[in-house]
Structures are given as structure tokens and as C-alpha cells.
Amino acid sequence: MRKGNHGGDWAAYQAKHDALPRLDFSANVSPLGPPEGVKRAMREAIEHVAQYPDPRCCALRKALGEHHGADPAHILCGNGAADLIDRLALALRPKRALVTAPTFSEYAEALERVGGQVISFPLREEHSFAVTPEILDAITPDLDVLFLCEPNNPTGRTTEPGLLQAILEKGRACGVLVVLDECFAPFLLTPRSQIPVLRVYRLLILRAFTKFYGLAGVRLGYCLCADTDLLDRMALAGQPWPVSNLAQAAGVAALRETAYAEKLRALLAQQRPWLKQELERLGCFVLPGEANYLLFRSPDPKLGRRLERQGVLIRTCADYDGLGPNWFRVAVRTAAENQRLIETMEGLL
């Protein structure tokens with residue numbers, strides 16, 4: 001069994017309670033569900049399931065290259081971002097890696113599986129868990145790789161742009177590969193990315209269709225890196241057909257969904273401030289995140305278990321390095337769902 005504890009585990013809830021949860025705020029997935037154009041593309045792709053998928057994902061990489069203004073040769077697709085994190089660890093086999101804490105657990109787990117030493121850079125509550133300039137002192141020539149999640153999971157914070165550029169500069173000067181996980185970047189109200197400077201720095205960027213397009217069950221991610229030799233080694237580090245025909249069709253279709261993207265960001269712009277305000281009204285300390293989820297400290301450390309008994313799932317964050325039993329994360333969902341969450345919490349707090 002994996003050490004990592006992730007949100008969206010409806011199967012464990014169903015096995016325990018013999019029912020599905022009525023509300024799931026534990027997974028940071030679009031509340032709008034997959035776009036209709038994406039579902040249509042997957043239905044059409046069913047006609048081709050007897051064929052092996054394209055192992056190079058040529059059509060999808062071409063569409064991604066056009067979408068990002070990037071060279072398709074600098075793109076590798078995988079079975080979700082987690083697959084690519086594992087492939088990177090296997091291809092690079094870093095001896096020493098710097099990882100912020102708290103952050104996504106898959107980085108450290110993948111590094112430890114290949115025998116790498118994981119050095120933790122703690123993010124402090126007094127700084128609202130933001131990355132601080134002290135991280136520059138931790139980037140040294142004896143480091144092989146640095147993982148940064150932008151926006152960070154579970155905090156929802158992004159690194160100040162000037163500091164992020166300084167990190168990239170220091171990484172280049174020290175020969176350190178900087179891995180930026182931008183899987184939640186599309187949720188930013190003003191989306192931003194380091195893809196334009198991909199050729200300038202020693203940089204690998206992780207992206208996924210999982211969250212923004214509501215495709216968690218399809219498993220589709222990709223990474224961008226100007227080091228094509230590293231991408232080739234990553235491609236050889238896993239099975240040869242990581243992305244199904246359905247997933248490749250879904251990805252190409254998703255990139256056309258501009259109206260869906262605008263609608264989702266508009267919902268987030270309206271609902272995230274409201275949900276933050278209501279959580280604070282209930283006595284919670286809420287971090288000022290920028291993603292489609294909120295990290296908060298509750299006066300009740302048993303809030304997660306008590307909500308579960310009411311059929312509501314939230315992400316308990318006690319297993320994150322640097323957080324304790326009072327910390328929880330909730331996704332921002334539709335107005336009706338957010339209202340029901342607050343009403344349920346009101347009865348408990």
C-alpha cells in the first residue's frame with residue numbers, strides 16, 4: 001500500500017458506510033464535471049479501443065504545443081502527473097532533492113523509492129506557508145533537483161514572481177533541475193506559467209488535465225522540458241502505452257474548451273471568497289490561497305470524522321509534513337454545494 005493519503009477516496013467511504021458520500025470536498029476537481037465536447041470525444045474514441053494507443057501521443061503533443069506555444073518535442077504525456085513524477089525519479093535517480101513542506105506527498109515518495117535523500121524546506125505558518133527567500137540558501141551545487149508546487153497543494157499559495165525567478169536563476173547557476181508542478185495553475189484567475197522560459201532555465205514543468213477539466217478518472221498528465229534526452233529517459237522508465245486512446249482524445253478536445261475555462265474561473269472568483277468568509281464566520285483560520293481549494297485550521301480536530309458521519313468528505317491534512325490534526329482542505333465547488341457544506345459544518349461547530 002502507498003503511504004500517500006489523497007482526497008477523493010469515495011471507494012473507501014463506500015466500503016465503510018455501504019453508501020456513496022453525498023458531498024465530496026476532498027478532491028480538488030472541477031465542480032462543473034467534464035466539458036460536453038470532451039465527453040463526446042471520448043464516446044467517439046470508443047470505436048478505436050481495439051487499437052493500441054499511439055505511444056508517442058503525437059496528436060495530443062501537437063495540440064499541446066499549439067496551446068502553449070511550445071515545441072512538441074519538449075512535451076511528454078503520461079498517465080496523470082503522478083506517473084510523470086515517478087518516471088522523472090527513475091530517469092534522474094537524484095541523490096539529493098529539496099522539497100518544500102507541506103506539499104504534495106508524491107514528490108518525496110517517488111524520490112525515496114529510488115533511494116534519494118529528501119531535504120525538507122519548511123513553510124511556516126507565520127508566513128502563511130509561503131515560500132520565503134531563505135530557500136535560495138538551500139539551493140546548492142550538491143543538490144540534484146528541487147520540487148516546487150505552483151500553486152502549492154494543500155496551501156493554495158504561489159511563490160512571489162521575483163522570488164520564483166531568483167530560484168530559477170540559482171538553480172541554473174548550481175546545475176539543479178527545478179521541477180515546477182503547475183497542475184493547479186489553470187485555476188488561477190489570471191493564469192500564469194513558466195512555460196515561456198522553458199529554454200532559459202534548467203526546468204521541467206508538470207501539468208495535468210485531471211483537475212481543471214474534471215478528468216480524474218481518465219488519468220492524463222504531461223510535462224514540458226527543453227532537455228529532450230531527459231524526456232527520452234523518462235519515456236523509457238515506464239510502460240510503453242501510458243495514455244489510452246480515450247485519454248488522448250479527451251486531451252485534444254479539452255484544449256478547445258475556452259468557454260468552459262472562462263465559466264469555471266468565473267465560478268471560482270465568486271465562490272472562493274464566499275466560502276473563505278463563511279469558514280471564518282464558523283471560527284476557522286483560513287489561508288489566503290489562490291487555487292480551487294482552501295486550507296484552514298478548525299477549532300475541532302475531529303471535524304473530518306464528524307463530517308464523514310454526515311456523508312460529507314473533506315481532506316484531513318494531519319498527514320502533511322508541517323501540519324497538525326486541526327488542519328483541513330476543502331475544494332471550492334458550486335454555490336449550492338458550498339452552502340450545504342457550511343450548513344452541515346454549522347450544525348457541528
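How many disulfides does the count come to?

Mentor: The model is predicted, so local features need pLDDT of at least 70, side-chain atom pairs count only at pLDDT 80 or more, and totals for chains, interfaces and linings use all residues. Residues are numbered from 1 along each chain as its sequence is written, and side-chain values use heavy atoms, with hydrogens and water left out.

The count comes to 0 disulfides, a disulfide being a pair of cysteine sulfur atoms within 2.5 Å. Cysteine 77 is in no disulfide. Its nearest cysteine sulfur belongs to cysteine 57, 4.4 Å away. Cysteine 77 is buried, because its relative accessibility is 6%. Buried means under 20% relative accessible area, exposed over 50%, and partly exposed in between (1.4 Å probe, protein chains only).

Now take cysteine 223. Cysteine 223 counts as buried, because its relative accessibility is 0%.

Next, look at histidine 68. This residue is found in helix α3, residues 58-68. Helices (H or I, at least four residues) and strands (E, at least two) are DSSP runs, numbered from the N terminus. Histidine 68 is buried too, at 18% relative accessibility. Leaving aside neighbours within four places in sequence, histidine 68 is in contact with Ile195, Arg207, Tyr222 and Leu224. Contact means heavy atoms within 4.5 Å.

A salt bridge is a side-chain nitrogen of Lys or Arg within 4 Å of a carboxyl oxygen of Asp or Glu. About one helical turn separates lysine 62 and glutamate 66, because they are 4 residues apart in helix α3. Both lysine 62 and glutamate 66 are exposed, whereas histidine 68 is buried.

Helix α7, residues 161-174, holds another such pair: arginine 172 and glutamate 169 are 3 residues apart, about one helical turn. Their side chains form a salt bridge (2.6 Å, N to O). The whole structure has 18 salt bridges.
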